[in-house]
Amino acid sequence: MNPNERVIVPLDVPDLESAIALLDQFPQVTFWKVGLELFTSTGPTILEILKSRQKQIFLDLKFHDIPNTVAGACRAASRYGVDLLTIHATCGTDALKAAAEAVQIGANQAGVKPPKLIAITLLTSISARQLAFDLKIPLELPEYALEMALLAQESGLDGAVCSPQEVAQLRETCKDDFVLVCPGVRPTWADKMDQKRSLTPKQAILAGADYLVIGRPITAAADPELAWQRISEELSAIS
């Protein structure tokens, strides 16, 4: 895989005009993430634009509901022909299994390739202290992330979203055919902002990540094109 194809850039903007401006600014980016804000603002229009430009799409809506509802949402989303789709592992086994089945049905109905269904293990903005004191989870953070990934894998999902700091353990346990997507990746020269559990792009790939979600270090940089180039060079240097 080309190193650049492993970097997913978020379209974390509020409207279609801003999204198109970002696409025009970075024609070299092949994989884009569409999250809650932009999808709520534009609906599937932004997905149609990305498809027309032959881009890969990470539809990051993080579904979380009862089994029937998440199955319906996944069935509908899979018809768009996106490449990755997210659901919270904390939906539980029944919902995860229903979602995994639904993406196959929806994609088959639309005549498109099914998206890889990816489970959210734990948001990268949550620290170990918050997991224990705010969420009252009596597990160490790495153990909790691993349990959520295993639950997803056992339920028939294709992969998981995890912090770079958990990716090595998940890769060792879940093996090579389980897709691992790492947000919260920050180059050494970038501000970590609200990411509590971060690694550099090179460190994350070497630890076992398949894809890196890198947003503000590129899009909010003083020189965005230079930031993209620096990250590309760092990943290209991995042997």
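1. Setting aside neighbours within four places in sequence, Ser 155 is in contact (heavy atoms within 4.5 Å) with Thr 93, Leu 96, Lys 97 and Ala 100. Ser 155 sits in the loop between helix 7 and strand 6 (159-161); helices (H or I, at least four residues) and strands (E, at least two) are DSSP runs, numbered from the N terminus. Its relative accessibility is 6%, so Ser 155 counts as buried. Buried here means under 20% relative accessible area, exposed over 50%, and partly exposed in between (1.4 Å probe, protein chains only).

2. The model is predicted: local features need pLDDT of at least 70, side-chain atom pairs count only at pLDDT 80 or more, and totals for chains, interfaces and linings use all residues. Residues are numbered from 1 along each chain as its sequence is written, and side-chain values use heavy atoms, with hydrogens and water left out.

3. Leu 170, in helix 8 (residues 164-174), is buried, with a relative accessible area of 0%. Apart from neighbours within four places in sequence, its contacts are Ala 145, Leu 146, Ala 149, Cys 162, Lys 175 and Leu 180. Leu 84 is 86 residues away from Leu 170 along the chain, and their C-alpha atoms are separated by 19 Å.

4. The count of salt bridges is 5, a salt bridge being a side-chain nitrogen of Lys or Arg within 4 Å of a carboxyl oxygen of Asp or Glu. One of them joins Lys 33 and Asp 12 (3.6 Å, N to O). Lys 33 belongs to strand 2 (residues 31-34) and Asp 12 to the loop between strand 1 (7-10) and helix 1 (16-25), so this pair ties together parts 21 residues apart in sequence. Lys 33 is buried at 10% relative accessibility, whereas Asp 12 is exposed at 52%.

5. Asp 24 and Arg 53 also form a salt bridge (2.9 Å, N to O). This pair links distant parts of the chain, 29 residues apart: Asp 24 is in helix 1, and Arg 53 in the loop between helix 3 (45-52) and strand 3 (56-63). Asp 24 is partly exposed at 47%, as is Arg 53 at 30%.

6. In the salt bridge between Arg 171 and Asp 210, the closest N and O atoms are 2.6 Å apart. Arg 171 lies in helix 8 and Asp 210 in the loop between helix 9 (201-207) and strand 8 (211-213), 39 residues apart. Arg 171 is buried, with a relative accessible area of 12%.
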